[in-house]
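I opened this notebook to keep track of what I looked up in the structure. The entries follow in the order in which I made them.

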Amino acid sequence: MKKLTLFSIAAVAVLSILFSACKKETPPSPEAVLSAAIKKIQDHPGIQYQYRSHWDNRFNESTFADSAQIIYSKLDSSQHGFGFYVNSFNYESADLYDGFNYKEIRHPDKLIVGHDREEIAGDSAYFSSKMFFLRTPFELTDEKTFDSVWDTVIDDTPLFVYQEIKETPSVLDSTRTIRQDKRYFVDIEKQIVRRIKGITLSNGDTTQIIEHVFYDIQFEPEEVDFTGLEQPAFDTYTEVSEADLESEQYLNQIAAGDQLTKATYIDVQGQEVQLFGKPKTKSLLMFSFIGCGGCEYAMSEMKKEDYKIREGLNLYYSSPEDKSSTLQSYLDKKGFPFGAFSEESDMNEDFSVYAFPTFVLIDSKGAVSQVVAGYTDEVRAMVFGDKD
C-alpha cells in the first residue's frame with residue numbers, strides 16, 4: 001500500500017480547496033423562493049411589520065401616502081380567525097381587534113370608539129375595506145398563479161418579481177379594457193415579501209400606480225395576546241360606541257332650518273368671501289377633500305356639464321383636510337372655476353360635516369335650505385336645475 005507523504009497530503013488538500021472553490025452553488029429558483037415564502041407565512045401565526053404606501057392617482061392627478069406599524073396574528077378563538085393592532089403614523093390613531101372587540105383609538109381626542117361586536121361577527125368582510133389591509137407581506141398563497149417572473153436588485157437586496165396580470169372590461173365603459181398588473185417583490189435570501197406594486201391601465205394608458213414597501217418584518221412563532229396591548233394611558237380616554245358617536249356627529253352637523261351667524265370666511269386666495277347677504281343669491285358649499293372617491297365622482301359629473309351652474313348660485317369647494325396651496329393646485333387641474341375654502345378657513349368647525357361629499361345650500365339671508373350627503377339627483381337639481 002502506497003503511503004502518502006507530507007507533501008502529497010498537502011497537495012491533495014490544495015487540490016480539494018481549489019476544486020471546492022471552483023464549484024458554484026446552485027442559486028435558488030423562483031419556484032423554490034416562492035414556495036419557501038408561502039411556507040413561512042403558513043408556519044407562523046403572527047407577523048409584525050411596518051409599511052409605507054404611495055398612491056399616484058393619474059386619473060385625477062392626485063397623490064396619497066400612508067404608513068403604519070402592524071401586529072397581526074391568526075387566532076383560533078377569534079370571530080374571524082385573526083386579531084390585529086395597527087398604529088397609524090399619518091392619522092395619530094390606532095386600531096385594536098382582539099378577535100372579538102374592535103376599538104378605534106383616537107389619540108388627539110383621547111377617545112376610544114367601540115364597534116358593535118355582533119355586527120363584526122356577522123360580516124366576514126368587516127375589515128376588508130381597511131386601508132392597512134389593502135396589501136400585506138403575508139398575502140401569498142398556494143392558489144396564486146403568476147404570468148411571469150424576473151430578478152432585480154433594490155437597495156442592495158436581490159429580489160424575485162412575480163407578476164400577476166388580469167384584464168377585464170371597464171364597468172363604466174365596456175369599450176375599454178382595464179388591465180391590473182400586480183407585482184410581488186420577494187427577498188431571495190429571506191423569502192419575505194418586501195414590496196407590492198399595483199399598476200392599473202385603461203386601454204394601455206396608466207391610470208394609477210400604488211406601491212407598498214414593507215420593512216422591519218418579524219414572524220412570530222406563537223399567537224399574539226392582543227388584550228395585553230392596551231396601554232395604561234388609555235385609561236384616561238373616553239370610550240363611546242360607534243353608534244353614539246355617529247349620532248352625536250349627526251346632531252352637531254349643520255341642518256336645514258339652521259341660521260348661520262357667521263357670514264364671511266377666508267378663501268384659498270386669502271380673500272374674505274361673504275356667503276350670504278346679497279338678494280336673490282344663494283350659496284352652495286360642497287364639502288369635499290382630495291382623494292375622496294365620492295367627491296371625485298361629483299367633480300367629474302359637474303365637469304361633464306362644463307360647470308354651467310344655474311343663475312343666482314355661488315358654488316364653493318370646502319375642504320376640512322387640504323391646505324390652501326395643495327387645494328388650489330388640485331382645483332386648477334380640475335378646471336374648477338369657482339371659489340374654494342381650505343383647511344385653514346376652519347369652516348367645518350362651524351358646519352361639523354362628517355360625511356363627504358356633503359352639499360349645504362344657504363339662502364340670501366343665511367338660512368340653511370338643504371343639506372344633502374352624496375352627489376344625488378337632489379344635488380343635481382340644486383346645481384343645474386331651475387327649482388328655487
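The model is a predicted one, in which local features need pLDDT of at least 70, side-chain atom pairs count only at pLDDT 80 or more, and totals for chains, interfaces and linings use all residues. Residues are numbered from 1 along each chain as its sequence is written, and side-chain values use heavy atoms, with hydrogens and water left out.

**Entry: arginine 380 and its partner**

I looked up arginine 380, which counts as partly exposed because its relative accessibility is 26%. Arginine 380 forms a salt bridge with aspartate 377, and the closest N and O atoms are 2.9 Å apart. For a salt bridge I require a side-chain nitrogen of Lys or Arg within 4 Å of a carboxyl oxygen of Asp or Glu. Aspartate 377 is exposed, as its relative accessible area is 61%. The two residues sit three apart in helix 8 (residues 377-384), so about one helical turn separates arginine 380 from aspartate 377. Helices (H or I, at least four residues) and strands (E, at least two) are DSSP runs, numbered from the N terminus. I also found that a network of salt bridges links Glu301, Lys304, Asp377 and Arg380.

**Entry: other salt bridges**

How many salt bridges does the structure hold? I noted 12. One of them joins glutamate 167 and arginine 179, with 3.3 Å between the closest N and O atoms. This pair links distant parts of the chain, 12 residues apart: glutamate 167 is in strand 8 (residues 157-169) and arginine 179 in strand 9 (residues 177-187). Arginine 179 counts as partly exposed because its relative accessibility is 29%.

I then turned to glutamate 211 and arginine 195, whose side chains meet in a salt bridge of 3.0 Å, N to O. Here too the pair links distant parts of the chain, with glutamate 211 in strand 11 (residues 205-220) and arginine 195 in strand 10 (residues 193-202), 16 residues apart. Is arginine 195 buried or exposed? I have arginine 195 down as buried, because its relative accessibility is 14%. Glutamate 211 has 22% and therefore counts as partly exposed.

**Entry: cavities**

Rolling a probe the size of a water molecule over the atoms shows where empty space is left. On a 1 Å grid over the protein atoms alone, I call a cavity a set of points where a 1.4 Å probe fits but cannot get out, and its lining residues have an atom within 4 Å of a point. Grid points are joined across faces, edges and corners, and the volume is the space filled by probe spheres set on the points.

The whole structure gave two cavities of 30 Å³ or more. The largest cavity has a volume of about 50 Å³, and its lining consists of Gln274, Leu275, Phe276, Gly277, Lys278, Thr281, Ser283 and Asn314. I sorted that lining into two nonpolar, five polar and one charged. In this sorting Ala, Val, Leu, Ile, Met, Phe, Trp, Tyr, Cys and Pro count as nonpolar, Asp, Glu, Lys and Arg as charged, and the others, Gly among them, as polar.

The second largest cavity holds about 30 Å³ of space. Its lining includes Ala37, Lys40, Ile41, Pro137 and Phe219. Which helix gives the largest share of this lining? I traced that share, three residues, to helix 2 (residues 30-43). The lining of the second largest cavity divides into seven nonpolar, one polar and one charged.

**Entry: backbone details**

I found a cis peptide bond between phenylalanine 356 and proline 357, with omega about 0 degrees. Proline 357 lies in the loop between helix 7 (347-351) and strand 18 (358-362).

Aspartate 155 is not a glycine, yet its phi is positive, about 50 degrees. Aspartate 155 lies in the loop between strand 7 (148-154) and strand 8, and is exposed because its relative accessible area is 66%.

Lysine 280, also not a glycine, has a positive phi of about 60 degrees. I placed lysine 280 in the loop between strand 14 (272-274) and strand 15 (282-287). With 81% relative accessibility, lysine 280 counts as exposed.

Notes
On a 1 Å grid over the protein atoms alone, a cavity is a set of points where a 1.4 Å probe fits but cannot get out, and a pocket is an open set with protein on both sides within 12 Å along at least five of seven lines; lining residues have an atom within 4 Å of a point. Buried means under 20% relative accessible area, exposed over 50%, partly exposed in between (1.4 Å probe, protein chains only).
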